[in-house]
Amino acid sequence: MTTEAARTEKSPSKRLNLTVQYACKATELPLRAQIRAWVRAALDVDGKKGGEITVRLVDEEEGRTLNRDYRGKDYATNVLSFPYDSEPVICGDLVICAPVVEREAREQGKSLEAHWAHLVIHGCLHLLGLGGVKGQGYA
């Protein structure tokens, strides 16, 4: 095996394959570029930096259905994380409920952009296995 091949085999990809799905009609949603920057910031925490992540922004109905089906809780939560793999790169889905994000930002006196950033990063940290209870989707 060449030195280059050995180096490539040992180090995980730094490439981020990010898909952003806008599945709701909220008017103040973050741009894909913002979401990418927040995901990158979260992945830099443990040095992985690469991965395959889908971020789906949903309405209250879809958020409630997913939270009920995967966590047994019959209400929409702010973010659900569905990790699939963490080695050699992170792979998983985030589902973020836009109406919940908007309501929480108002209640907490935060800017909407700051709360979106917080929840995208929070969800990515769950994908990395940091915090929360592992399962088939956790908030």
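The dialogue below moves from the overall fold to helix packing, an aromatic pair and individual residues.

Q: What should I know about the numbering and the origin of the model?
A: This is a predicted model, in which local features need pLDDT of at least 70 and side-chain atom pairs count only at pLDDT 80 or more, while totals for chains, interfaces and linings use all residues. Residues are numbered from 1 along each chain as its sequence is written, and side-chain values use heavy atoms, with hydrogens and water left out.

Q: How many helices and strands does the chain have, and what pattern does the chain follow?
A: Helices (H or I, at least four residues) and strands (E, at least two) are DSSP runs, numbered from the N terminus. In this chain they come to five helices and four strands. Along the sequence the pattern reads α-β-α-β-α-β-β-α-α.

Q: What share of the residues counts as buried?
A: A residue is buried under 20% relative accessible area, exposed over 50%, and partly exposed in between (1.4 Å probe, protein chains only). Here, 40% of the 139 residues count as buried. Accessible areas come from the Shrake-Rupley method with a 1.4 Å probe, and for residues only the protein chains shown count as cover. The accessible surface of the chain is about 7,700 Å², and carbon and sulfur atoms account for 49% of that surface.

Q: What do contacts in the chain say about separation in sequence?
A: Contact means heavy atoms within 4.5 Å. Among contacts between residues at least 6 apart in sequence, 63% join residues at least 24 apart.

Q: At what angle do helix α2 and helix α5 pack?
A: Axes are lines fitted to C-alpha atoms, for helices over the stretch in contact, and angles run from 0 to 180 degrees between N-to-C directions. Helix α2 (residues 32–43) and helix α5 (residues 112–127) pack at about 45°, with their axes 9 Å apart. That angle makes α2 oblique to α5; under 35 degrees counts as roughly parallel, over 145 as roughly antiparallel, 65 to 115 as roughly perpendicular and the rest as oblique. The α2 side of the contact consists of Q34, I35, W38, V39, A41 and A42, and the α5 side of E113, W116, A117, V120, I121, C124 and L125.

Q: In which hand does α2 pass α5?
A: A crossing is left-handed if the near helix is turned anticlockwise from the far one by less than a right angle, and right-handed if clockwise. The crossing of α2 past α5 is right-handed.

Q: How do α4 and α5 cross?
A: The axes of helix α4 (residues 98–108) and α5 come within 9 Å and cross at roughly 120°. The two helices are therefore oblique to each other, and α4 passes α5 in a right-handed crossing. On the α4 side, A98, V101, E102, E104, A105 and Q108 meet L112, H115, W116 and L119 in α5.

Q: Which residues does A98 touch, and is A98 buried or exposed?
A: A98 counts as buried, at 0% relative accessibility. Leaving aside residues up to four places away in sequence, A98 touches C24, A26, L29, V58 and W116. A98 and K25 are 73 residues apart along the chain, yet their C-alpha atoms are separated by 8.8 Å.

Q: Which residues form an aromatic pair?
A: Rings of Phe, Tyr and Trp (its six-membered ring) pair if their centres lie within 6.5 Å; planes under 30 degrees apart count as stacked, over 60 as edge-to-face and the rest as tilted. A search of the whole structure finds one such pair. It is formed by Y70 and F82, in an edge-to-face arrangement with 5.0 Å centre to centre and 75° between the planes. Y70 lies in helix α3 (residues 60–71) and F82 in strand β3 (residues 79–85), so the pair ties together parts that are 12 residues apart in sequence. Y70 is partly exposed, at 41% relative accessible area, whereas F82 is buried, at 10%.
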